[in-house]
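Hi,

Here is the structure I promised to pass on. My notes on its contacts follow below, and I hope they give you a handy start.

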Amino acid sequence: MEQHCPRPRRTVAARALAALALTGAAAGCAAPAATGEDGQDGGTERTAELLVQVTSVHEETGMTLLEGPTFDADGRLLVVDVTAPAGEPKVLRVDTGTREVTPVFTDETGAYTSAQFSPHDDRLYLTDFAGGKIDSITPEGEDHTTFFSGEVDGAPMNPDDLAFDEAGNMYVSDSAGFDGPAWEARGRVVRVDRDTAEATVLAEELPAPNGISFTADFSGLWVGQYGANRVDHYALNEDGTEVETSHAALYFDGGTSRIDSIAVDADGNLYQAVHGQPRIFVYSPLGEHLATVGVPADAAEGLYSATNVAIAPGTTDAYMTVSGDDGGFVYSFDALAEGIRQSNGG
């Protein structure tokens, strides 16, 4: 596989956060799409219910952006706040029963865009988008360590989302080029070995990949291309170290909004999150639009993104992270099928 020649890295966290803020502000100018009983292309419309407000807009960064919802082994929901400044909570726990919000972890520099528990060591892994590294902590927010950092094949990463295979190896979307033209495709999908932290590029020259999730049977990956509003399917070899075949599987007609994270339920349905409108779009494995889940109309004006979703394992209780000028919120809805590992973080 040929190496690509990346542009100079933007190493300062503030610049990455500023780019995220500008992207969010531009997307927020778009009016929310109209909702009704049935979607225009046949998918049913569903309205999520507000669970709790988790964060407010930070004065230092000018925004808040919730991401990475994931349940720990005790059934407790955790989320990350991408744009939280130093000293304010960057990982928070949300009690879905009492609606109590509790700070879990913070640091000085991290801009964490996703979170998922490893099946290998049960630690919470966090992608630091601005820092180009992957950290981990215990479920209680202790023992902060860096699992991976540095360049991959001579180029730094912007690690956005992650997914674990059944053995605990990590698959990461490198969103390099997210703030540039789509035709300057510099993104990658990277596999990181669970034991050695050795990184291998599985796919490159991609238009800023964002969402990444395994298929229900772990035979392949769904990868959302943020710069192309497209979801690709990658069929993997038996040990998951190579992409055997790939194809464009879904195209999202999002206008100024763009696709974000991806979750997969027990029936293999894809829950496509969106940056630029507070809605989740649900597709079958064959690409049929099954449903659209949005916030109530009276709340949509102050919310511009529904960036991620988690389904509590073994249930149909789904929770999506929604953010905008009004703050960061968790909304709940009934999923189309039960939650599995592929719909629990990333």
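A word on terms before the notes: a residue is called buried under 20% relative accessible area, exposed over 50% and partly exposed in between, with a 1.4 Å probe and protein chains only. This is a predicted model, where local features need pLDDT of at least 70 and side-chain atom pairs count only at pLDDT 80 or more, while totals for chains, interfaces and linings use all residues. Residues are numbered from 1 along each chain as its sequence is written, and side-chain values use heavy atoms, with hydrogens and water left out.

Salt bridges

The rule here is a side-chain nitrogen of Lys or Arg within 4 Å of a carboxyl oxygen of Asp or Glu, and it gives 11 salt bridges. One of them joins Asp195 to Arg194, with 3.2 Å between the closest N and O atoms. Asp195 is exposed because its relative accessible area is 56%, whereas Arg194, at 30%, is partly exposed.

Another salt bridge runs between Arg279 and Glu45 (3.6 Å, N to O). This pair links distant parts of the chain, 234 residues apart: Arg279 sits in strand 21 (residues 279–283) and Glu45 in strand 1 (residues 44–47). Strands are DSSP runs (E, at least two residues), numbered from the N terminus. Both Arg279 and Glu45 are buried.

Arg123 and Asp143 also form a salt bridge, their closest N and O atoms being 2.9 Å apart. Arg123 lies in the loop between strand 7 (112–117) and strand 8, and Asp143 in the loop between strand 9 and strand 10 (145–149), so the pair ties together parts 20 residues apart in sequence. Arg123 is buried at 14% relative accessible area, but Asp143 is partly exposed at 49%. Finally, a network of salt bridges links Asp72, Arg76, Arg93 and Glu140.

Aromatic pairs

Rings of Phe, Tyr and Trp (its six-membered ring) pair if their centres lie within 6.5 Å; planes under 30 degrees apart count as stacked, over 60 as edge-to-face and the rest as tilted. The whole structure holds nine such pairs. Among them is the edge-to-face pair of Tyr125 and Phe164, at 5.5 Å centre to centre and 70 degrees between the planes. Tyr125 belongs to strand 8 (residues 124–128) and Phe164 to strand 11 (residues 159–164), 39 residues apart. Tyr125 is buried, with 6% relative accessible area, and Phe164 is buried too, with 3%. Together with Phe147, these two residues form one aromatic cluster.

Best wishes

Methods
Helices (H or I, at least four residues) and strands (E, at least two) are DSSP runs, numbered from the N terminus.
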